[in-house]
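Subject: A structure for you to look at

Hi there,

Here is the structure I promised to pass on.

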Amino acid sequence: MSAAPLALLRVLDLGGAESDGVGRLLADLGADVLKIEPPGGSQARREGPRVAGTSVRFALQNANKRSAVLDPSDATDRERLIELAGAADIVVDSGDPGTAAAFGTSCAALSQRFGHLVALSVTDFGTGGPRAGWRATDAELYALSTALSRTGPTTGTPVLPPIGVASATAAAQATWAALAAYYRRLRDGTGDYIDFARLEGVLQSLDPPFGSEGQAAVGMKRANELWRGRPRNQQIYPIFGCRDGYVRICLLSPRQWQAMFGWLGEPEQFADPKFATIAARYAASRELNALIADLFRAKTRDELVAEGQTRGVPIAAVLNPQETLSSSHFREVDALTSTELGPGADAVVPTGPFVVDGR
């Protein structure tokens with residue numbers, strides 16, 4: 001890993017499930033991440049689902065880290081934790097109070113004690129303010145961040161996105177904040193204390209509250225033009241049935257529309273140049289999608305994806321989890337790998353959002 005971007009970075013990971021993903025991202029980029037666990041191991045090790053006695057979530061979120069056990073009731077171990085923090089570049093903790101509190105300190109105190117240190121505290125709502133004592137699941141982060149305003153039918157019960165997307169989103173933002181502070185440390189020698197709220201990370205990073213439309217575009221509209229319920233934009237990225245499942249398409253640019261228009265056989269009712277705009281196609285989406293549905297119905301997913309790629313129409317097969325894990329595409333781009341989660345128990349797992357290949 002000598003060529004990895006963060007090969008010289010030393011990280012002390014004191015956190016639990018809320019921040020494990022931060023250390024994983026840093027470790028994937030080559031940092032030496034040492035995770036501190038109490039006697040008996042982290043509570044997150046016992047969370048389900050489990051394979052061969054191993055927590056799948058813990059294994060994925062702590063891959064590429066080293067681990068050590070320190071007992072907060074032992075005076076020698078308390079001193080050892082302070083020494084490790086002083087030798088680190090970044091300390092990551094989570095919860096309020098976090099693991100550091102059990103050792104008689106905190107991220108804020110460590111930051112003050114070691115001027116070079118970047119100390120990152122990850123909590124659901126921050127360590128101050130009226131919601132500091134609140135705790136949030138992924139589903140609650142989706143709801144409070146406005147993400148649920150864009151899922152499911154226009155009326156009725158929202159459809160929860162997969163559990164873990166909110167936590168992973170927050171972890172990426174927290175990692176970025178820590179690296180930005182570390183970059184500054186490299187320039188002027190001054191560390192920092194970061195009080196990071198996961199809700200703010202999710203709110204900052206998931207799609208704008210008005211769906212696929214950008215915040216700047218929304219800001220130019222009058223309030224009475226905005227739809228306040230769950231979105232009526234399901235027709236923008238429609239899903240179509242085909243012979244062996246479903247595919248999803250995305251038509252945004254005029255070039256993409258012209259390719260789809262040709263694929264449909266250039267129907268006269270959509271020959272007007274105005275259909276090069278999203279607004280015109282959206283207004284006629286019921287008729288347009290009926291034509292596309294008829295075109296796709298008798299073809300397989302593979303046939304549709306292949307022809308879409310040839311024509312320049314963004315299209316993808318809708319895969320279930322089992323199909324995704326056996327996908328040749330994800331294998332060929334190194335998005336999946338096999339690993340031993342427990343004794344004699346191999347599993348296919350995601351490698352992470354990036355690959356460090358030396359280039």
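Predicted model: local features only at pLDDT ≥ 70, side-chain atom pairs only at ≥ 80, totals over all residues.

Residues are numbered from 1 along each chain as its sequence is written, and side-chain values use heavy atoms, with hydrogens and water left out.

**The chain as a whole**

The chain has 15 helices and 13 strands; these are DSSP runs, numbered from the N terminus, with at least four residues (H or I) for a helix and at least two (E) for a strand. Its C-alpha atoms fill a box of roughly 80 × 55 × 40 Å along the principal axes. Of the 359 residues, 40% count as buried. Here buried means under 20% relative accessible area, exposed means over 50%, and partly exposed is in between (1.4 Å probe, protein chains only). Among contacts (heavy atoms within 4.5 Å) between residues at least 6 apart in sequence, 65% join residues at least 24 apart.

Two strands pair if DSSP finds at least two bridges between them. Aspartate 13 stands opposite valine 92 in S6.

Which residues of H8 are buried? They are Arg198, Leu199, Gly201 and Val202. Seen down the axis of H8, the buried residues fall within an arc of 165°, so they line one face of the helix; the arc is that of the directions from the helix axis to the C-beta atoms. On the other side of H8, Glu200 and Gln204 are exposed. The buried residues of H8 pack against S7, helix H6 (138-144), helix H7 (165-188) and S8.

**The antiparallel sheet**

Another open sheet has 3 strands in the order S9-S10-S11, with antiparallel pairing. Strand S9 (239-242) and strand S11 (315-317) stand at its edges with a single partner strand each, so one side of each is left without a neighbour in the sheet. S9 pairs with strand S10 (residues 245-249) over 4 bridges. Helix H12 (residues 285-296) packs on this sheet and touches S9, S10 and S11, its direction making about 30° with that of S9. Helix H13 (residues 301-311) touches S9, S10 and S11 too, at about 160° to the direction of S11.

**Aromatic rings**

The structure holds 6 aromatic pairs. Rings of Phe, Tyr and Trp (its six-membered ring) pair if their centres lie within 6.5 Å; planes under 30 degrees apart count as stacked, over 60 as edge-to-face and the rest as tilted. One of the pairs is phenylalanine 125 with tryptophan 134, edge-to-face at 5.6 Å centre to centre and 80° between the planes. Phenylalanine 125 is buried at 11% relative accessible area, whereas tryptophan 134 is partly exposed at 42%. Ring pairs also link Trp257, Phe261, Phe270 and Phe275 into a cluster.

**Nonpolar cores**

A nonpolar core is a set of buried Ala, Val, Leu, Ile, Met, Phe, Trp, Tyr and Cys residues joined through side-chain atoms within 4.5 Å. In the largest one, of 32 residues, Leu9, Val11, Leu26, Ile90 and Leu120 touch the most other members. H7 gives the largest share of this core, 8 residues. A second, separate core has 22 residues, including Leu251, Trp257, Ala259 and Val313.

Happy exploring!

Methods: Axes fitted to C-alpha atoms, helices over the stretch in contact; angles between N-to-C directions.
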